[in-house]
Amino acid sequence: MTPTQPRAPWSAILVAALGGALTITVLSLTGDAVGTPILIAAFGSSCVLVFLLPDAPLSQPINVVGGHMVSALCGVVAHAFLPTAWWSLGLSVGAAMAAMAALRIIHPPAGGTPIAILLAHEGWGYLLTPVLAGSLILTACALLYRVLLRARAAR
């Protein structure tokens, strides 16, 4: 077994890792400052995509925000109408996958969002905070990262 991805320079790896670390820090500190969580575990996976593969189709802002929102909606609807069970967890993730694919906003980390919603028994408010607010902040950090990368490359 050999890796199929091209080797990235260490400088790019370290800058991307720093971008992801700072983004998670910003999300956590913002949640502390406003008194409501804005960080969910799936955002860590989103950082892997948006900072290590910023130009990938799955890393684009519409995919990050839209994917998490659609998946969260699937999770909240499932929680509102179904018991939390092995089958409802699977159904909610399958529904999220189908919705993201149909809307062409696939973002793989968002597949975990319905699971978190059902297991934590979250309600409709979860759509705004942490999902919408957090994904917008994450996307803003990723866009700033891209601007800084392009400015650095232009020098």
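A cavity is a set of points, on a 1 Å grid over the protein atoms alone, where a 1.4 Å probe fits but cannot get out. Its volume is the space filled by probe spheres set on the points, with grid points joined across faces, edges and corners. The model shown is predicted: local features need pLDDT of at least 70, side-chain atom pairs count only at pLDDT 80 or more, and totals for chains, interfaces and linings use all residues. Residues are numbered from 1 along each chain as its sequence is written, and side-chain values use heavy atoms, with hydrogens and water left out.

**View 1. The largest cavity holds about 30 Å³ of space.** A search of the whole structure finds one cavity of 30 Å³ or more. Its lining residues (those with an atom within 4 Å of a point) are V50, S59, Q60, P61, V64, T139, A142, L143 and R146. Helix 6 (128-154) gives the largest share, four residues. Helix 3 also supplies at least two. By class, the lining has five nonpolar, three polar and one charged residues. Here Ala, Val, Leu, Ile, Met, Phe, Trp, Tyr, Cys and Pro count as nonpolar, Asp, Glu, Lys and Arg as charged, and the others, Gly among them, as polar.

**View 2. The protein chain has six helices and zero strands.** Along the sequence the pattern reads α-α-α-α-α-α. The radius of gyration (taken over C-alpha atoms) is 16 Å, close to the 15 Å that the globule rule gives for 155 residues, so the protein chain is as compact as a globular protein of that length. That rule is 2.2 Å times the number of residues to the power 0.38. Helices (H or I, at least four residues) and strands (E, at least two) are DSSP runs, numbered from the N terminus. The C-alpha atoms fill a box of roughly 55 × 45 × 25 Å, taken along the principal axes.

**View 3. The largest pocket holds about 500 Å³ of space.** A pocket is an open set of points with protein on both sides within 12 Å along at least five of seven lines. This one is lined by 19 residues, and P6, R7, A8, I13 and L52 lie nearest its centre. Helix 1 (10-34), helix 2 (42-52) and helix 6 each give two or more residues to the lining. Helix 1 provides the largest share, six residues. The lining divides into 15 nonpolar, two polar and two charged residues.

**View 4. The second largest pocket has a volume of about 250 Å³.** Its lining has 13 residues, of which V15, G19, L22, Y145 and L148 lie nearest the centre. Helix 1 and helix 6 each supply at least two of the lining residues. By class, 10 are nonpolar, two polar and one charged.

**View 5. Helix 3 (residues 61-81) and helix 4 (residues 86-103) cross at roughly 145°.** Their axes come within 9 Å. Axes are lines fitted to C-alpha atoms, for helices over the stretch in contact, and angles run from 0 to 180 degrees between N-to-C directions. Contact means heavy atoms within 4.5 Å. Helix 3 brings G67, V70, S71, C74 and A78, while helix 4 brings S92, A95, A96, A99, M100 and L103. These contact residues divide into eight nonpolar, three polar and no charged.

**View 6. Helix 4 and helix 5 (residues 113-120) pack at an angle of about 145°.** Their axes are 8 Å apart. S88, L89, S92, V93 and A96 of helix 4 meet P114, I115, L118 and L119 of helix 5. Seven of the contact residues are nonpolar, two polar and none charged.
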